[in-house]
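Good morning, and thank you for joining the group meeting.

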Amino acid sequence: MAGLLQLLSSGLATGAIYALAATGFTLLWQASATVNFAQGEFVMLPAFFVLASMQLLGLSFGWSIVVGVALSIVVLGLLFKRLLVDPLSRYGFMPLVIATIALGLFIKEAVKTSFSAEALPFPALVPPIPVHMGDVTLSLQDISIFVFAVIAVAALQLFLTRTRTGRTMQATAQNRALAVILGVPVSRMILYTFLLNAALVSLASILVSPIYLAKFSNGESLGLIAFTAAIVGGFNQVRGAILGGFVVGIADNLTAAYISTEYRSALPLVLLIAIILFRPQGLLGRSEERTV
Amino acid sequence: MKKVAAVSIAMGLACVGFAAQAADPIKLADVCELSGGGAPVGNNWKNAIDMAVAEINAAGGVLGRPLEVTHLDTQTNPGVSRGVMQKALDDDPYIVLGPIYSSATMVDLALTQQAKVPEFTGGAAAGITKQDDPYIFRMALGQTATIPKVVNYLKDKMNVKTAALVWVNDDYGKDGRDAFTEEAKAKGIQLVSTISTEAAQVDFSADVIKLKDAKPDVVFVYTHEEESARFLKEARKENLQAAIFGDTTLLDPKVIALAGDAANGIRGHLSLSAGAPVDAIQDFVKKFQAKYNYVPDHNAIQGYMTIYTIKYLTTKIGKLDREAFAKAMHGLTITPKDEPGILMETSWDNTGDIDRASFIAEIDDGKQKIVETLPKLHH
């Protein structure tokens, strides 16, 4: 029982990272029909912005996070939209998909060339102190990852449902033509979505890099799993992506512990196939409707 | 007069031609892991090779000719490695250096054997020297040498009764798993959990939780550098109580740097170490640190030894003859008295397996501390 609780706790922490990245997938899809196959690299890059701020500018870890997140929002939000998505989106879905795959490769190679092909240590926000709860020993780091991610996702949901800007963003996602007629600044709303995605991947990067270490190739598996999580949960629903992230994270841990460590990496793909076969819209997704 | 001038010019040209031939470099091809998961080991190996080559060239080269090494990147991918090895062999090198990873070595060694080019590998998988290949030579102690030393130490010095094994699912890991399982059984150590991990794996939480459930006396970790660091961080995060023991890779300076405090308290067998109580190794470490500004790992020491092995034996043979070189390597012992660059007395047997003294170390406050020296297996 203690082992199961530890597996669930650890799975929730892993799932929280997947959920943050998967939510970003959903946001971009809803707002601009962009499937961002560079999302894994988007999660990898902010950690290197933070490290660069520490090493090149000599800033403290705290200030480096501020600089790193700000840089990520500019590069992965603003510039990504203006330089890649806007010019290509008029040519349809596929050119943009190919362009994001190319962008992912470019980011990966750029980090490898500018920093190192080797993994680098990344400071932890919370030290890896064990927390004893009866027979169960949980990790403070796992708990903190889960808490940070839940706060971020809850704040996002509140923003989208309780603020005027958030509701306007939803209206843009649901019916762009009508939103334009009603005077909604559609372009700005879409930009906000890209900035939100950049903020989410920055948080995921800062939370996961102390454990996974900062490495140029970290995005490869993260991107694939987050994409799968978004589909499992429902690609057109933020809450679906969140659920998908947690489902994949927990299922991954349980598979490794109780079924096979050798085949754990196949699990997300098995889930993906099962969902496509039996519930193509995802666990919480809807067949037609689009909402942010 | 015209005749004399013509003869003089002809002789002059001949001399220039001879000089150019005499100074032709001896080409060495280094095929190693410069990017990907194996980048830490590959770059250590490469830097030390460059250092040894520079030293030898500054002292006049080998047989009066400079060494010239070309580095080619396998990207830590055995498939890429095979293509890169073929490219290296197309350039007709005297000797091939690398790869370090056993999985890459296993797919490459047929090429060097076919081309009859001696190959020095950093791979430790037992299978490498079981291919009846007269051109393959180890620089790392093979698993047939290290695992018995490890299990003997666990049984006799740490009084271990139950063990768990964490191994990486590639040629290096599989051979290590097989060797450890066999030795543990022979020594009466019960293996309570065997966990397979993947190269480049980032999440070890489920693996560590399984180990906590198994409650072994010791966890023997047999993975590559970056994965070892991630495992140690996860073990610390999950408060794993069992002792953690490894072989060379686990105690690598890169692992210690990446794992930080999580590496403190682990123990392991080291085939070579920058902290080894050997004066020649300490001198090498100082030179390496002065040049590259970091502490070299065992791969760096092996890379350095490789170049001096080539220098020693080529000089001894007196010509560049790959076949004679390979023949002379079998049964060869080089002592620091014969060649100071070898750093420690080293022997190769008829299969290309290497034998050297080795060490048991503990990580204390982020540093390797040698606690015991183990003699050569066949001393």
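Predicted model: local features only at pLDDT ≥ 70, side-chain atom pairs only at ≥ 80, totals over all residues.

Is B:Lys116 buried or exposed? With 11 C-beta neighbours inside 10 Å, B:Lys116 counts as exposed. The criterion uses C-beta atoms placed from the backbone: 20 or more others within 10 Å make a residue buried, 12 or fewer make it exposed, and anything in between is partly exposed.

Residues are numbered from 1 along each chain as its sequence is written, and chains are lettered from A and ligands numbered from 1 in the order in which they are written.

To return to B:Lys116, this residue is not a glycine, yet it has a positive phi of about 55°. It sits in the loop between α4 and β4 (119–121) of chain B. Helices (H or I, at least four residues) and strands (E, at least two) are DSSP runs numbered from the N terminus.

B:Asn159, also not a glycine, has a positive phi of about 55°. Its loop runs between α5 (143–156) and β6 (162–168) of chain B. B:Asn159 has 8 C-beta neighbours inside 10 Å and therefore counts as exposed.

One further backbone feature concerns B:Gly98 and B:Pro99, which are joined by a cis peptide bond with omega of about -5°. B:Pro99 belongs to the loop between β3 (95–97) and α4 (102–115) of chain B.

Now to chain B as a whole. Its secondary structure comprises 12 helices and 15 strands. The C-alpha trace spans about 95 × 40 × 35 Å along its principal axes.

Chain A has 11 helices and two strands, in the order α-α-α-α-β-β-α-α-α-α-α-α-α. Its radius of gyration is 19 Å, close to the 19 Å from the globule rule for 292 residues, so chain A is as compact as a globular protein of that length. Buried residues make up 52% of chain A.

Within chain A, how do α2 (residues 39–56) and α3 (residues 61–89) pack, and at what angle? Their axes are 8 Å apart, at an angle of about 135°; axes are lines fitted to C-alpha atoms, for helices over the stretch in contact, and angles run from 0 to 180 degrees between N-to-C directions. That makes α2(A) oblique to α3(A), the class left over once angles under 35 degrees count as roughly parallel, over 145 as roughly antiparallel and 65 to 115 as roughly perpendicular. Among the residues making the contact are A:Phe42 and A:Phe49 of α2(A) and A:Ile65 and A:Leu76 of α3(A).

Finally, the interface: 32 residues of chain B are in contact with 27 residues of chain A, where contact requires C-beta atoms, placed from the backbone, within 7 Å. Elements of chain B giving two or more residues to this side include α2 (39–58) and β7 (190–197).

Terms used
Contact = placed C-beta atoms within 7 Å. Rg over C-alpha atoms; globule rule 2.2 N^0.38 Å.
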